[in-house]
Amino acid sequence: MMAYRIVGNVIELNCCKYAFGCKEFLQHSRSMTTSKRVQDRSEKKRVHDLEIVTEKWKIISKVLFLMEVLKKEPEQIISVRSLDQYRRQINLPKPHKMSDFIRKSPKLFDLYKDQKGVLWCGMTKEAEDLVAEEERLLEQHSDKAAEHVTRLIMMSVDKRLPLDKIAHFRRDFGLPYDFRTSWVKKYPQHFRVVESEDEIEYLELVSWNPAWAVTELEKKANGANGDIPPTPGLLSLPFPLKFPPNFKKVYRYGGKIDHFQKREYLSPYADARGFKAGSLEFDKRAVAIMHEVLSFTIEKRLVTDHLTHFRWELVMPQKLMRLLLKHFGIFYVSERGKRFSVFLTEAYDGVELIEKCPLILWKEKVQKLIGYRGRKRKIETFEDLTDMEDTSLFEMESENENFDEELERGEVIDGLGDGLLADNVEMDVGEICNAYKDNKPS
């Protein structure tokens, strides 16, 4: 027996356990639904090169997180037992061993046992040098990061943004580790920290800079010496498009794409109060905002969750993911892992970022040191620590309670929640690239 009713374009069924043909009918009913999920995209719309990029940064993000943890420790070492509290951040569920994860990068991390048999983790000399180099690069990048944060605030409706939400962009914008405590106070001419009545901290704009109220698209179109409009207004600049070479359906949508490209839209820096949601102009302005924000990031890539956090402040549609998927060619959404990533397609040539800032080149240095192909190395016992006066080091777990607030709150840094590197999988990016090449559709 079978009962059904039609709700919209979906057929709801109550099938008896022994109903004949129920399975076939269910399959037919599913085909009548329309889905906008990322996983339902055609295989031919998948950009394999950008999937490789996603996989590479998934791995390095876990390693960078561990380096951050060690950096915050008083002696830059921590017991492996204490690292268990960060399993969720690096997405390493039990029974996978933390020590096995650390062993996969012997050029970056050392494992030692003390006289009591407690296993400890520290950084190699090469890793310590890389940490010092990153600090110098972050300091050099600080002014540019301040510009991008200021421009992000300038795009907001109330010209202020919650500090917690900006913190999600810390690595993406190249902000330093002391972003909350010290860095936000270094640029009083641009922004200041204010607290609302409900005790939420905001970063508020201090002064409007007309030279910064110009989009990256305008800069490319008009050149460095282009005229700066007195106030942001309507724009009609087309967005650069880049489709996969095997995607053959562009001609079907050529008219719609051309119409979209020619349509005027409000500048991301213009006042959008009262702007009607759902209109074609509203959606194109949202595309312009996402294009601008992605242009600010050092990798021209973001976790989609971080963009959706700003829907209200930046006046963007509720269904932001649908808009990203609709404008395939401007953006590319990778579904690898638990958290999706969105790319600015124009910024990549294959798997390579076209313009690499020093922080990206630094990440690539770290990337080259990840991976291990030999046998498991015997864990040494470090005798030199027995000469230290403070023997409580061996007995304590991490006592630094004022650890970086992002780690305290369990926030995932730069896609840390994406996927799991299996315990018996070697972290070799070359193998990942070859696997994708082998699976490319012919």
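**Entry 1: what I am looking at.** I noted at the start that this is a predicted model.

Entry 2: I began with helix 2, which covers residues 48–72. I counted 25 residues in helix 2, and the distance from its first C-alpha to its last is 37 Å. That is close to the 36 Å expected at 1.5 Å a residue. I then asked how covered helix 2 is, and found that 23 of its 25 residues are buried.

Helix 10 came next, at residues 280–296. With 17 residues, helix 10 should span 24 Å, and I found its end C-alpha atoms 25 Å apart, which agrees. Is helix 10 enclosed or open? I put it down as largely enclosed by the rest of the structure, because 15 of its 17 residues are buried.

**Entry 3: salt bridges around Glu-147.** My search for salt bridges returned 29. I reminded myself that side chains of opposite charge can pair when their charged atoms come close.

I picked Lys-144 and Glu-147, whose side chains meet in a salt bridge at 3.3 Å, N to O. I found both residues in helix 5 (residues 125–155), 3 residues apart, about one turn of the helix. The spacing makes sense to me: an α-helix has 3.6 residues a turn, so residues three or four places apart point the same way. How do the two partners differ in cover? Lys-144 is partly exposed, because its relative accessible area is 38%. Glu-147 counts as buried, because its value of 9% is under the 20% cut-off.

I logged Lys-219 as partly exposed, at 30% relative accessible area.

Which residues are linked in the network of salt bridges? I listed Lys-144, Glu-147, Arg-151, Glu-216, Lys-219 and Glu-292.

**Entry 4: a pair in helix 9.** I looked up Asp-258 and Lys-262, which form a salt bridge at 3.3 Å, N to O. Both lie in helix 9 (residues 254–262), 4 residues apart, about one turn of the helix. I noted Asp-258 as partly exposed at 40% relative accessibility. Lys-262 is exposed, because its relative accessible area of 61% is over the 50% cut-off.

**Entry 5: a negative patch.** Which residues form the negative surface patch? I wrote down Glu-195, Glu-197, Asp-198, Glu-199 and Glu-201. I followed up on Asp-198, which lies in the loop between strand 7 (191–195) and strand 8 (201–205). Asp-198 counts as exposed, with 53% relative accessibility.

My first stop was the bond joining Lys-94 and Pro-95, which is a cis peptide bond with omega at about 10 degrees. I placed Pro-95 in the loop between helix 3 (80–83) and helix 4 (98–103).

Asn-91 is also found in the loop between helix 3 and helix 4. I read a phi near 55 degrees for Asn-91, a positive value in a residue other than glycine. Is Asn-91 buried or exposed? I recorded Asn-91 as buried, at 12% relative accessibility.

Val-315 has a positive phi too, about 55 degrees, although it is not a glycine. I located Val-315 in the loop between helix 11 (304–308) and helix 12 (320–326). Val-315 is buried, with a relative accessible area of 15%.

**Entry 6: one more loop.** I finished with Thr-231, in the loop between helix 8 and strand 9 (234–235). Thr-231 counts as exposed at 57% relative accessibility. I then checked Thr-231 against Pro-210: they are 21 residues apart in sequence and 7.4 Å apart in space, C-alpha to C-alpha.

Conventions:
Residues are numbered from 1 along each chain as its sequence is written. This is a predicted model: local features need pLDDT of at least 70, side-chain atom pairs count only at pLDDT 80 or more; totals for chains, interfaces and linings use all residues. Side-chain values use heavy atoms; hydrogens and water are left out. Patches are made of residues with over 30% relative accessible area and no salt bridge: like charges are joined within 9 Å, nonpolar side chains (Val, Leu, Ile, Met, Phe, Trp, Tyr) within 5 Å. Accessible areas come from the Shrake-Rupley method with a 1.4 Å probe; for residues, only the protein chains shown count as cover. A salt bridge is a side-chain nitrogen of Lys or Arg within 4 Å of a carboxyl oxygen of Asp or Glu. Lys and Arg count as positive and Asp and Glu as negative; His and the chain ends are not counted. The place of a charge is taken as NZ of Lys, CZ of Arg, CG of Asp or CD of Glu. Helices (H or I, at least four residues) and strands (E, at least two) are DSSP runs, numbered from the N terminus. Buried means under 20% relative accessible area, exposed over 50%, partly exposed in between (1.4 Å probe, protein chains only). The expected span of a helix is 1.5 Å times one less than its number of residues.
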